[in-house]
Amino acid sequence: MRCILAFLLIATVVVAFHNPQPKHKYPTNLRSMFDGFVKSMEAGYAGGDDSAFAQRKKLDEEKRNEQRRKAQERKKRGFTELKDVKEHHYSQMKYEYEEKEDAFSNFFSKFGKK
């Protein structure tokens, strides 16, 4: 009889002081402190083809396809190689500059003359 009473007393004490863990949305306690941040980020997400990410991805893919098409056109036209050039074209000056005497050399030329 005493054994049963002692067992009931111990079981009552254990149950009374047992603190159950709070239930969180996520399995780890660390993640629960970021719940508000996660909810605010997920609030504007429409998902699927309506999301901003999917629309931007579609625009990027169209842009890449346009770049690929232009590159294919350039490859079809071909490239000019050095062996294909028959005439030499040297750079042409756009402006004609007058030859001016350098002030520095003009100054020191006075000392060279006697």
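This is a predicted model: local features need pLDDT of at least 70, side-chain atom pairs count only at pLDDT 80 or more; totals for chains, interfaces and linings use all residues.

Biologist: What does the protein chain average in pLDDT?

Modeller: The average is 77, and 75% of the residues score at least 70. That score is the predictor's confidence in each residue, from 0 to 100.

Biologist: Which elements have the lowest and the highest mean pLDDT?

Modeller: Helix α2 (residues 29-32) is lowest with a mean of 60, while α4 is highest with 93.

Biologist: How many helices and strands are there?

Modeller: The protein chain has five helices and zero strands, so the pattern along the sequence reads α-α-α-α-α, with helices (H or I, at least four residues) and strands (E, at least two) taken as DSSP runs numbered from the N terminus.

Biologist: What share of the residues is buried?

Modeller: Buried residues are 5% of the 114 in the protein chain. The accessible surface comes to about 12500 Å², and 59% of that belongs to carbon and sulfur atoms. Those areas come from the Shrake-Rupley method with a 1.4 Å probe; for residues, only the protein chains shown count as cover.

Biologist: How many residues of α1 are buried?

Modeller: Zero out of its 16 residues, so α1 is hardly covered. Leucine 5 sits in that helix, which covers residues 2-17, and leucine 5 counts as exposed because its relative accessibility is 52%.

Biologist: Which residues form the nonpolar patch on the surface?

Modeller: Met1, Ile4, Leu5, Phe7 and Leu8, with about 620 Å² of accessible area together. Patches are made of residues with over 30% relative accessible area and no salt bridge: like charges are joined within 9 Å, and nonpolar side chains (Val, Leu, Ile, Met, Phe, Trp, Tyr) within 5 Å.

Biologist: What follows α4?

Modeller: Glycine 78, whose phi is positive, near 90 degrees.

Biologist: New topic: how many salt bridges does the count come to?

Modeller: Six, where a salt bridge is a side-chain nitrogen of Lys or Arg within 4 Å of a carboxyl oxygen of Asp or Glu. One of them joins glutamate 66 to arginine 69, with the closest N and O atoms 2.3 Å apart.

Biologist: Where do glutamate 66 and arginine 69 lie?

Modeller: Both are in helix α4 (residues 52-77), three residues apart, about one turn of the helix. An α-helix has 3.6 residues a turn, so residues three or four places apart point the same way. Glutamate 66 is partly exposed at 33%, and arginine 69 is partly exposed at 38%.

Biologist: Which residue forms a salt bridge with glutamate 81?

Modeller: Lysine 83, with the closest N and O atoms 3.6 Å apart. Lysine 83 is exposed because its relative accessible area is 63%, whereas glutamate 81 at 43% counts as partly exposed. Elsewhere, salt bridges that share partners join Glu61, Arg64 and Arg68 into one network.

Note on methods: Residues are numbered from 1 along each chain as its sequence is written. Side-chain values use heavy atoms; hydrogens and water are left out. Buried means under 20% relative accessible area, exposed over 50%, partly exposed in between (1.4 Å probe, protein chains only).
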